[in-house]
Amino acid sequence: MDDSVYVGNAGDDALLDRGWLLGHFKDADDPRHTTAVEVKWGVHPPGDQRLQWVRGEARTAVLVLISGRFRVDFPGRSVLLAKQGDYVAWGRGVDHSWFAEEESVLLTVRWPSVPGYAVTRE
């Protein structure tokens with residue numbers, strides 16, 4: 001068995017770490033550990049929303065809609081992802097939040113992978 005290869009299922013593995021499949025938060029000996037990029041398989045029920053805006057973003061990101069209707073909010077602008085394959089990308093310094101208008105599945109890629117930004121539910 002080669003420990004430098006990981007095979008999984010995004011839907012199953014997403015349940016283990018708030019949807020995140022790759023990033024700095026994985027154990028250092030896990031092939032999914034990296035500080036270069038973060039990848040998330042996000043499954044959001046209708047009405048799910050980010051509890052706080054991300055402010056002072058230090059990463060670049062792209063969200064790709066797999067299914068559903070998902071709104072990404074930016075200061076002064078909202079983007080609706082409604083058709084499979086719709087995506088939105090933004091760079092460092094762009095504040096944002098989001099809202100699932102329907103049950104939605106998204107693939108998110110952010111880089112680099114840096115600590116912070118996690119919002120805990122009270």
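R71 is partly exposed in this predicted model, with a relative accessible area of 26%. The side chain of R71 meets that of D73 in a salt bridge, at 2.9 Å from N to O. D73 has 11% relative accessibility and therefore counts as buried, the cut-off being under 20%. Elsewhere, salt bridges with shared partners join E38, E57, R59 and R110 into one network.

R71 also has partners across the strands. The bridge partner of R71 in β5 is L80, and in β7 R71 stands opposite F99.

Strand β4, residues 70–74, pairs with β7 over four bridges and with β5 over five bridges. β4 is mostly covered, with four of its five residues buried. β4 and β5 form a hairpin with two residues between the strands, and there G76 takes a positive phi near 80 degrees.

Along the sequence, the pattern reads α-β-β-β-β-β-β-β-β. The radius of gyration is 15 Å, close to the 14 Å that the globule rule gives for 122 residues, so the protein is as compact as a globular protein of that length. Its C-alpha atoms fill a box of roughly 50 × 30 × 30 Å along the principal axes. Of the 122 residues, 37% count as buried. Among contacts with a separation of 6 or more, 66% come from residues 24 or more positions apart. The protein exposes about 7,300 Å², of which carbon and sulfur atoms supply 52%.

The search for salt bridges across the whole structure finds 10. One of them brings together the side chains of E38 and R59, at 3.5 Å from N to O. E38 lies in strand β2 (residues 38–44) and R59 in the loop between β2 and β3 (60–67), so this pair ties together parts that are 21 residues apart in sequence. E38 is buried, at 1% relative accessibility, and R59 is buried with a relative accessible area of 1%.

A further salt bridge joins the side chains of D95 and R55, at 3.7 Å from N to O. This pair links distant parts of the chain, 40 residues apart: D95 is in the loop between β6 (87–90) and β7, and R55 is in the loop between β2 and β3. D95 has a relative accessible area of 19% and is buried, whereas R55, at 57%, counts as exposed.

Two backbone features remain. Most residues other than glycine have a negative phi, and most peptide bonds are trans. R18 is not a glycine, yet has a positive phi of about 50 degrees. R18 sits in the loop between α1 (10–14) and β1 (20–22) and counts as exposed at 55% relative accessibility. The peptide bond from W111 to P112 is cis, with omega near -10 degrees. P112 lies in the segment after β8 (104–111).

Terms used:
Residues are numbered from 1 along each chain as its sequence is written. This is a predicted model: local features need pLDDT of at least 70, side-chain atom pairs count only at pLDDT 80 or more; totals for chains, interfaces and linings use all residues. Side-chain values use heavy atoms; hydrogens and water are left out. Two strands pair if DSSP finds at least two bridges between them. Buried means under 20% relative accessible area, exposed over 50%, partly exposed in between (1.4 Å probe, protein chains only). The radius of gyration is taken over C-alpha atoms; the globule rule is 2.2 Å times the number of residues to the power 0.38. Contact means heavy atoms within 4.5 Å. Accessible areas come from the Shrake-Rupley method with a 1.4 Å probe; for residues, only the protein chains shown count as cover. A salt bridge is a side-chain nitrogen of Lys or Arg within 4 Å of a carboxyl oxygen of Asp or Glu.
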